[in-house]
Amino acid sequence: MAKAEHVEAEQHHDDHDDHHEPQGIWQKYIFSQDHKIIAIQYTLTAIFVGLIGLGLSGVMRLQLGFPGDFGITDAFYFQAITMHGMIMVVYLLTALLLGGFGNYLIPLMLGARDMAFPYLNMLSYWFYFVSVVVLLASFFVPGGPTGAGWTLYPPQSILPNTPGADGLGIVLMIGSLAIFIVAATMGGLNYVVTVLQLRAKGMTLMRMPLSIWGIFTASILALLAFPALFVGAVMMMFDNLLGTSFFMPAIVDAAGNLVSASPDKPAYSGGSPLLFQHLFWYFGHPEVYIVALPAFGVISDVLATHARKTIFGYHMMVWAILAIGVISFVVWAHHMFVSGMNPYFGFFFASTTLVIAIPTAIKVYNWIFTLWRGNIRLNTPMLWCIGFISTFLIGGLTGLWLGNVIVDIPLSDTYFVIAHFHLVMGVSAVFAIFAGLYHWFPKVTGRHLNKIMSRTHFWVTFVGVYVVFLPMHYLGFEGMPRRYPSYGEDFNFPASATDLNAFITIAAIIMGIVQFVFIFNMAWSAFKGKKAEGNPWESTTLEWQTPDTPPVHGNWGPSLPVVHRWAYDYSVPGANKDYLTQDTAPSATAPRSDRHLDDHGTHNNGHED
Amino acid sequence: MAIGIALILLVVGTLAFHFWSPWTYSELASNWGQIDSMLSLTFVVSAIVFVVINLFVAVCVIRFRYDKDRKADFDPENKKMEWILIGITTVGVIMLLAPGLFVYSEFVNPPEEAHVVEVVGQQFAWSFRFPGEDGVLGLSDMRFVNIISNPFGIDPDDPAGHDDILVQQEELHLPIGQPVKTQMRSKDVLHNFYVPNFRVKMDLVPGLVTSLWFTPTKTGTFDIACAEYCGNGHHTMGGKVVVEDQASFENWLAQFPVFKSEDSQVEVSIEEIGSRIAQSACLSCHSIDGSPSVGPTWLGLYGKQETLSDGSTVSVDDDYLRESIVDPNAKIVQGYAGGMSAFANLSDDELNALIRYIETLSE
């Protein structure tokens, strides 16, 4: 049977050579069905839109640090916070980790020639592209983008006195999200099917690199969570345009008139604003893990490679990813402890939230034990990993504050929350992305990044995130509410808090500028960087074993790789070097070391030669 | 190596920042000392974990940095240690969760004897209602709202509402030492009643009545800040809570009208009627003392030349003001975002009263 599969694979490859190698610039680089090109398209688009998000955070910081000095109106501030949040969470992090890393790594790490559905994959990117265009179009319509806050809570989000809502802002935002969800669904189905169906011979589930486990689980979460946002978006669109009342109770405007969608529609009545919040966070909390799980995976793989050590407790790491994935669906209302929902829900959601801390803690323990007695090469990707452990640690610990309902009540809606989610979901996810980009850049481009620029980027960013976000916890202790463009005389905050805000702004702007060093480094090194060999980090996983660097269409040359071992054979006793690639057949100088994984009933090595 | 030292400096720097930082919790002025204890407990637990893990990583990267003649340990798993760590983490989580839920159960069960105050939110102002003699707040519905005769939307047919005391200002007084349950609702969008010194906060949700409770334990004046984004003027939606002794509180409360009495008002001047409309509908966004707000200030507005967003100028007279009230986005003053609600339901008399009131601010 093994032989038959092998032949089939080769035939499949012949098909590729004869019919599928695309010709012409349009098929090859624009409407490409090659997962590697699509990954690069996703990544570059996400980085581009992320830079806009970064610019918007500059707008916010200028206003907060120096209120009124830069001519930023309150309305523009609110538009900036809204677009910044949505861009960073959805259009940067989700798109880059699933669309970028997922696309590049799944076929290469699993030994496949491409995704299961290449055409669908291409469509996924182009839907994403359209969603970005629609989103950014809102900057150019009358009234500008919506300023409803990134959570888009009704009734505010669809009332005309919200910045941007009198024009097309909110319609474009909701429409863009709907298109994005279509793209994410097409991508997610593709990733799940590819992982389940197209693994190379010998690549059992328990031999998969943790990056794949993270992306695979996150894709399933995305398929289950995004529909909630989709129906929320559609219902809100109906409330806004057709005058339905899904989320709209009877409300009055400042003149005391009952509000309706337009003068010819009946007044809103009977809807529930909380229903939207439930739908939003039923998507929104798994969304945190849609971003975090691929990040966990990338960190695990980069960490093991540069520590020259097996990932500690692979088994537990896989189960922790799955446990987090499952529990992430029953914690959403911890975002709503002070929303006015039935207060008894607080007991349940505080408990589930603190339970999810346990598998998350396991991951942190296992990362740091991977470092213990390792042989650590402090390459740039490794620095980002260590930075990640530190920022994820502090962000995770403050999660224990905000998840524990009674501790959340004083801190909710203050700068403590800003500090928490930026560190745990923004900074940590971005650090994982940087770890991944620095790690895989030589494979994607065949060239190395410039070391001086890389180190400058890391050090300024690492110091910067602590200088910017650590003091925000203390502003939260003071009780400083979020989403205020300025803190007038109405509130008794100490003058020193204003100085602190100015200080944070300066640090944030320096850190923002340094990101352009990274952009320049990528652009310059992609063409002028030092040439890289196929496996510069001496890594075990399959993507580094391609015959060509960068890998060509079809990835593997005439025959597919065959996998003989798990992804973490670093420093195996008795081996003649400190890593054994996954496609290395067992021998006297390359012993198998993953028998501990066979003992748990998850093995599938019947095809082993 | 450098990253190891950086992590050690991070730990030292963070602790130094904590102990030297002038920024800390606002002074506690309610019974919720237990919340502060939970904050302290959580702080200690998370600080210990933060220090230990960062230092552990620092030691690793310094001690086990690359040496080409050395091989890393081969150490794929250690089930026993992993289960011990899971056990320790579980104990830590229970240590935080159990007392947390215990305190929370007090938060969701207000004491029987708590007196009720209604907190009403609207863009961008607070108002308050006390239940009067009967201790019961009258029913309310948005359909009953009229900004002149019934700004709270109290059901005129519910006798329980007839003695309700209406406090239409942003300063709330409370007697010291008495537990109070705030019943909260919103007339338009989400708001959040948040007094940092009391520690507790809760959203105001249109269509729902939400609540929280606390006992003021210190006299003084405390800030109210809206903590749920409510639109363009969110950050201007401030207020004050004054905590005082019972006698002063009763004196203060006695000055406010009872709901029914509003219907039988004595003769008032046209400017006074305009002033009342302004109080109810306008002054959360327009100041009358020249200070900047969501919209232009009314001080000295009447008769002045105003520059519009398209660069043209217009003189502020009756016609301009009438248009700006009925169709506010027709002309936007330079430097402002627009987006004011149209007050198209005001009668001609009411419009005139409001304009005469604005005129008095230019005298």
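Modeller: Domain bounds, as used here, come from an automatic or database domain assignment. For chain B that assignment gives domain 1 (2–107), domain 2 (115–261) and domain 3 (266–360). The model is predicted, and local features need pLDDT of at least 70, side-chain atom pairs count only at pLDDT 80 or more, and totals for chains, interfaces and linings use all residues. Residues are numbered from 1 along each chain as its sequence is written, chains are lettered from A and ligands numbered from 1 in the order in which they are written, and side-chain values use heavy atoms, with hydrogens and water left out.

Contact (heavy atoms within 4.5 Å) links 12 residues of domain 1 of chain B to 14 residues of domain 2 of chain B. Buried area, the accessible area (1.4 Å probe) that two parts lose on being put together, summed over both, is about 1200 Å² between these two domains, with carbon and sulfur atoms giving 53% of it. On the side of domain 1 of chain B, Ala29(B), Asn31(B) and Phe107(B) lose the most area to domain 2, and together they make up 43% of what that side buries.

Now turn to the interface of the two chains, where 119 residues of chain A are in contact with 108 residues of chain B. The area buried between chain A and chain B is about 10000 Å², and carbon and sulfur atoms give 68% of it. In chain A, the residues that lose the most area to chain B are Asn375(A), Ile406(A) and Tyr474(A), which together account for 7% of what that side buries.

Across this chain interface the rule finds one salt bridge, and it pairs Asp73(B) with Arg373(A), the closest N and O atoms being 3.7 Å apart. By class, the side of chain A that touches chain B has 75 nonpolar, 30 polar and 14 charged residues, where Ala, Val, Leu, Ile, Met, Phe, Trp, Tyr, Cys and Pro count as nonpolar, Asp, Glu, Lys and Arg as charged, and the others, Gly among them, as polar.

Definitions and conventions:
A salt bridge is a side-chain nitrogen of Lys or Arg within 4 Å of a carboxyl oxygen of Asp or Glu.
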